[in-house]
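Work through the following exercises with the sequence and the model open side by side. Each task sentence is followed by a solution that goes step by step.

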Amino acid sequence: MKKIITAVAFAAGALVAGQAAAFDTVKFMIPANPGGGFDQTGRNLGAAMQAAGVAKTVTYENKGGSGGVIGLAQFVNNDKGAPNALIVMGAVMVGAIETNKPPITLKNATPIARLFGDAMVVVVPASSKITSMKDLVAQLKANPGSVSWSGGSRGSIDHILAALIAKESGVDPTKINYIPSAGGGESAAAIIGGQVTAGLAGYSEFAQHIKSGKMRALAVSSSAKLPGEATATLKEQGFNIEIYNWRGVYGAPGITEAQQKALIDAVVAAANTPAWKAALEKNDWTPLLLTGADFGKFVDAESARLGALLKEVGIAK
């Protein structure tokens with residue numbers, strides 16, 4: 001009886017989702033270590049797909065390193081033609097591709113959907129003597145190398161933000177002491193443990209640590225303060241910087257247009273569930289849903305924009 005009830009509930013969910021195709025299993029490649037933004041995105045989306053009735057089961061595989069490029073290569077090589085496979089990606093991966101120029105890029109996969117944007121945050125350990133961006137910049141100006149920045153991979157949106165802060169402060173961005181990590185969990189541990197001077201990430205990655213008092217937030221990179229949060233923006237503190245870390249999902253290479261559409265429909269159905277909307281609110285994610293070919297064009301434009309920015313601040317050639 002239990003199996004029958006489950007099947008009926010699943011079928012009903014699929015109907016509510018707008019007739020989106022139901023997958024027996026959806027496989028997520030999360031190209032980062034557990035605990036970071038890619039991980040949060042994949043697991044929340046997977047749960048929402050189940051809530052929408054478009055996925056009976058969901059599996060997750062974490063493969064961190066190089067801003068997602070290592071996981072992307074594994075995904076492209078191992079899941080070619082798989083109609084039920086998704087990889088989480090975003091601005092971090094685009095920046096890493098533009099920096100490292102790997103042989104496998106997002107051109108080798110299939111665009112499905114951009115999901116949301118995440119404002120960036122600058123933090124220090126709670127025990128730090130640095131209590132403001134003014135304090136941080138003063139130390140940066142006095143000795144750029146003495147300020148160690150923890151964030152995602154080299155060339156990531158985190159790295160770009162550190163370089164932009166340096167540039168805005170009159171410091172050569174090529175002189176910053178940036179320490180890349182394989183995921184938000186690793187970076188958070190280094191910050192909380194006082195092993196680095198400051199950290200950068202999407203606000204959602206560090207929100208729990210800020211609220212628990214383990215980290216001190218100095219600034220956010222959004223155009224205005226985040227809802228319910230007191231942290232001032234970089235612009236409010238005199239820095240002409242506004243930048244977001246967007247995230248989305250791609251499908252495997254070699255799938256048909258019909259299979260691509262089925263994945264798009266399933267993700268759109270998930271994005272309309274109360275479960276996904278609750279995740280957006282909880283993490284201060286701004287919904288930015290964009291699908292298929294339009295999303296692919298957006299990624300191409302972002303690659304050009306971030307590539308130029310990386311060259312401007314001396315991270316890429």
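Predicted model: local features only at pLDDT ≥ 70, side-chain atom pairs only at ≥ 80, totals over all residues.

**Exercise 1. Classify the ring pair of F116 and W276: what are the distance of the centres and the angle of the planes?**

Solution. A pair of aromatic rings is described by the distance of the centres and the angle of the planes. A search of the whole structure finds 8 aromatic pairs. In one of them, the ring centres of F116 and W276 are 6.1 Å apart and the planes stand at 45°. Planes under 30 degrees apart count as stacked and those over 60 as edge-to-face, so the pair of F116 and W276 is tilted.

**Exercise 2. Classify the ring pair of F295 and F298, and state which residues form one aromatic cluster with them.**

Solution. The centres of the F295 and F298 rings lie 6.5 Å apart with their planes at 20°, and the pair is therefore stacked. F295 and F298 are both in helix 11 (residues 292-312), where a spacing of 3 residues amounts to about one turn of the helix. With a relative accessible area of 0%, F295 is buried. The aromatic cluster is formed by W246, Y250, F295 and F298.

**Exercise 3. Determine where the buried residues of helix 7 fall when seen down its axis, and what covers them.**

Solution. Begin by listing the buried residues of helix 7 (residues 184-192), which are G184, S187, A188, A190 and I191. Seen down the helix axis, these buried residues fall within an arc of 160°, and therefore they line one face of helix 7. Their cover includes strand 4, strand 5 (148-151), strand 7 (198-202), helix 8 (203-211) and strand 8 (215-220). Just after helix 7, G194 takes a positive phi of about 70°.

**Exercise 4. Decide whether S153 counts as buried or exposed, and describe its surroundings.**

Solution. S153 is located in the loop between strand 5 and helix 6 (157-168). Its relative accessibility is 7%, and S153 therefore counts as buried. The side chain of S153 reaches the backbone nitrogen of G67 at 3.1 Å. If neighbours within four places in sequence are left aside, the residues in contact with S153 are S66, G67, V92, A96, H159, Y178, P180 and S181.

**Exercise 5. Describe the backbone and the accessibility of S66 and D284.**

Solution. Most residues other than glycine have a negative phi. S66, however, has a phi near 55°, a positive value, and D284 has a positive phi near 60°. S66 lies in the loop between strand 2 (55-62) and helix 3 (69-78), whereas D284 is found in the loop between helix 10 and strand 10 (285-291). The cut-off for buried is under 20% relative accessible area. D284, at 15% relative accessibility, counts as buried, while S66, at 35%, counts as partly exposed.

Note on methods:
Residues numbered from 1 in each chain as written. Heavy atoms only, no water. Phe/Tyr/Trp six-rings, centres within 6.5 Å; stacked < 30°, edge-to-face > 60°. Helix = DSSP H or I, 4+ residues; strand = E, 2+ residues; numbered from the N terminus. Buried < 20%, exposed > 50% of the residue type's maximum accessible area, 1.4 Å probe, protein only. Arc of directions from axis to C-beta. Contact = heavy atoms within 4.5 Å. Polar contact = N/O pair within 3.5 Å; in protein donor to acceptor, adjacent residues only side chain to side chain.
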